[in-house]
Amino acid sequence: MYKPKILVVEDDPAITNLIRTTLDTQEYQYHTAKNGAGALLDAVSYNPDVIILDLGLPDMDGVEIIRKVRGWSSVPIIIVSARSEDQDKVDALDAGADDYLTKPFSIDEFLARLRVALRRSRTDQTAEPAQSSLYQNGELRIDYAAGCAYMGGKEIHLTPIEYKLLCVLAKNTGKVLTHNYILKEVWGTALAADIPSLRVFMATLRKKIERDPSAPRYIQTHIGVGYRMIRQ
Amino acid sequence: MENYQAQNQYRPGAFQKGHLKIFFGYAAGVGKTYAMLEAAHQAQNRGIDVVVGYIERHTRPDTLALLEGLEQLPEKIVEYKGISLKELDLDAALQRRPNILLVDELAHSNAAGCRHSKRYQDVEELLRAGISVYTTVNVQHLESLNDLVASITHIAVSERIPDSIFDSADQVELVDIEPDDLILRLQSGKVYQKQQASRALNHFFTRDNLAALREIALRRTADQLSKKAQKAENETAAKAGEHILTCLSSAPSNAKVIRTAARMAEAFHSGFTALFVETPETRDLKGENLKRLRDNMRLAEQLGARIATVYGDDPAVQIAEYAKVSGVTKIVLGRTNHSASLFMKSKPLVDRLTSRMEDVDVYIIPDVQPLYKKKRALLRKPEQKFDWKDLGKSLLLTLAATGISFLFYELGLREANIIIVYLLGVLLTAVWTNGYFYGILVSLLSVVSFNFFFTVPRFSLRAFDPNYPVTFLVMFLASFLSCSLATRVKRQAKQSSQRAYYMELLMSSNQKMQQGQSEQEIIRIAAQQLQSLLGRPVLYALLEKDRQLRFHAVPASESEQTMGRLTAEELGVAEWVAKNDKHAGATTSTLSHAQNLYLSVRGNQEVMAVVGIPSKFYPPLDTFEKNLMIAMLDECGLILERRKLRAEKQAAEMETQREQLRANLLRAISHDLRTPLTAISGNAGMLMEKSVSLNENRKQEMYRSIYDDSMWLVNLTENLLSITRIENGTLPLRRDAEMIGDIFHEALSHVDRRAAEHEIRVELEDDMLMANMDARLIVQVIINIVNNAVKYTPEGSDICLSAKKENSMVRIEIADNGPGISDEAKQRLFDMFYTVNTGSAGADSRRGLGLGLSLCKSIVEAHSGSITVHDNQPHGSVFSFTLPLEEVKIQNV
């Protein structure tokens, strides 16, 4: 069986220890790096499936590392941040990170995020050639060629904006997309004034694809950050 | 100027003014300079830093010998019309900053090109800069004694100092010598050269003269002493009793009246006001007369008078009104020798005044110069330019009157009616045109055309009836008179409307300035008001914290041009104004070469701003504009100061509040953090060491305890972070439109684990409901309230989250059906560090810090919402808060 490889970049020994113990219980392979320079080296030589990156490293800004890694690789990056300021997360996500965890996080939460990232990393590798005209996620199916979306085999009627929104989320399944990113992709602008409209369209879209919009299964809201399509 | 800018260090408040010591003599040669130099030597011997700033060169040799051993400041050489003049180098003195500076001849007038036109102004600046000054002055140089001395010696002295500077001196040392000794000294050539001496002896230094001068000097010294004593005792009480009023005019004799009034004010220790009644005539003053009026006004100001201006046609009425309102007890007037004109009330001003005021003493000062006669308005040529339009109007009116008269004539109406019609024409002309000229013209034309068209024989200028010439004359006089009356009425209306406009301007500027949001805005509003008053661009700059002036200009359209003229030199003048709190620049006697007039805008304590009024390319300001401008700037200064003080006070209050909060927080944290930390470290320690001896159940219990305590700490940390964000004010709220449903979802995923035992429901009236909020903080609010509900209600209770639109707000309610909260507790629930003691919750319940709800309140209020608590039916509590509603208009669907 293939054991996924995980690169853990963290300078605090206690947290490193906690993550190592957790990964051991799940029988993942892992490698740890203590600083940014080491992390960049390992990212190349170790060829990890997922990188877990602490934003507060002693030698380098975490966002800088993400940019560098994104220069050659699309490996999923989960950032861990002690700062609860949303802007840091948004910056990291805009730089190309996939997901984030805020300290203190629970082990369950950590493992859940890790699984999402690994699945994404796998589909990226396997489904690359089939980056085709069809998208399937649970009961949700999108026919890009026809410009139609289906839920449980039934076509759902979407407005052009809702459809665009759904496509942007689907193409980045598993990844947290920031408000700015979505606005840019769908509307072509990134004005903060457009955020209310984004919320409204997201709510109408949800009503059409979620069975219970108050407990969404497909589109997850990240308060102050953005949205994410979840792989079922 | 450069020197001056280099040492531009302004320290308000902490500044000690320098002391002024005056060596006062009754004539030249009494030994003032000698006494001053001796005093300087004594001071130097005591270790005080003494520097000689300026000593007159014609001083006698034995006096000059005393200069030996004293540091001397090099004099400033000023080239003036080919002559090099020596002056005190003010900038050098300011830079040298000795303890005491010696400046001879206080009454000296500086050469053109110096900063101030008078030496006493230099001295004032030195004093303001904290340098003490020794100086000399003779009795005849005192402004108020000038006339008196001149009447004794028959020599007019042009160099004078205002009495205020003499009276405010910290020390006056009278240098006295017997007149006989002085004459002896003079004869031996110690004061003047031999030739000069004999002339002086014959003219000036007669024994009688000297005795008289000596008496005046002695008395003045005594006055200065008693005045100082009284000032120290009670400044206001001294002024309360009497109030002397004098009137300003352009007459040459007015100066004498003002001086007399000033002397009286001094003798009575009374208040002193100089009143200027602006009449249509004074408004038209030109050239020499205007200059004289300004000089007189300046004189009054120097003599300590408050200048007031009133407006009206009749000075008597205005003076009486003003005197009544401001509690004047004595009026000092010159005897007017205006010849009464034909249409004016013929009684002299004094009589009219006394008939209006029974309880005020009126003092008349005889006029010694009867040569001056003011030209009456009627005799002057009309100052208006000839206007074709007005001429046309006049001719048309005459024509119309003639036309109507023809009609009347044809109808057979009597001649009287025709005359009335012509009179009407004259009246209308007076009203519709400017000036007497057209009225008189129409009067004449009316008489002629009446004669031509309507008297027998008609269509000729002859008249048969001997009555006609009388009719013509009466008709002309009547029309002439009515015309002049109409013109007067019109002028008065214009005047009063102008006054109303000015008053309105003053009121509205006050109102507008009050509404200014920032200091910068207030001064900008003031500048705009000035601009509309004076009809020219205005420069303004706040005196900022770093004592810098950054000028702006209104109106924006001329800003570039106006700012372009603001050279480094001009800025230097402005900075001088800011530092010395005196007006300077064009039209003043300080730094008068500047293009602009700079005025300080001051509050009660310090200069708040500086305003620049371009003067070089604009007509001079009239008194009225000047007064109004100063009134407006004073108002502005007070408003600025009030605003500043309020801001400072608020900042101080906020700081103390924050300090208090920090202290309380620290105390509470250090106390309450220990409990969970003890539990965590204790449990973990046990598990490390005694792991083997503990059974699995026990271990599980300890794991759970560690987890619970750390989660409690996590929640506490979140709250503390939010508090620092809210209370610090450094991090602004990150407000965005958020879906209420998302917020509920997020909050519920973070509530206490024990919530599993409770039934939590969400009821949304509209699932698209959005509010404007900082999501993280509002999530914290909901978590805190829900956690409280979980904590203080029994297991299995219902908790319901709901939200609905309420006008422009969203109301969020979190209701439980627990035991409810007592009314007493409700009152204090949102106070910081308030916790409810619930006996029922048992030993495992952890007391909170009492931060949660007070934080909720701060957060909600920072969102301009409000938070309340009320009872649920049938039991339980409802926490309810509001947030601003966000409504979205979707455009590009």
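**View 1. Strands E6 and E7 of chain A make a hairpin.** In this predicted model, E6(A) (residues 134-137) and E7(A) (residues 140-143) pair in the antiparallel sense over 4 bridges. Strands here are DSSP runs of E, at least two residues, helices are runs of H or I, at least four, and both are numbered from the N terminus; two strands pair if DSSP finds at least two bridges between them. Look for Leu134(A), whose bridge partner in E7(A) is Asp143(A). There are 2 residues between the strands, and Gly138(A) in the turn has a positive phi of about 60°.

**View 2. Zoom out and you get an open sheet of 4 strands.** The order is E6-E7-E8-E9 in chain A, with antiparallel pairing. E6 and E9 (154-156) stand at the edges with a single partner strand each, so one side of each has no neighbour in the sheet. E7(A) is joined by 4 bridges to E8(A) (residues 148-151), and there Ile142(A) has Ala149(A) as its bridge partner.

**View 3. Helix H30 of chain B is mostly covered.** Of its 11 residues (852-862), 9 are buried, meaning that 20 or more other C-beta atoms, placed from the backbone, lie within 10 Å of a residue's own. Among them are Leu853(B), Cys856(B) and Ile859(B). Just after H30(B), Ser864(B) takes a positive phi of about 50°.

**Reading the labels.** Residues count from 1 along each chain as its sequence is written, while chains are lettered from A and ligands numbered from 1 in the order written. Local features need pLDDT of at least 70, side-chain atom pairs count only at pLDDT 80 or more, and totals for chains, interfaces and linings use all residues.

Technical notes:
A residue is buried if 20 or more other C-beta atoms lie within 10 Å of its own, exposed if 12 or fewer, and partly exposed in between; C-beta atoms are placed from the backbone.
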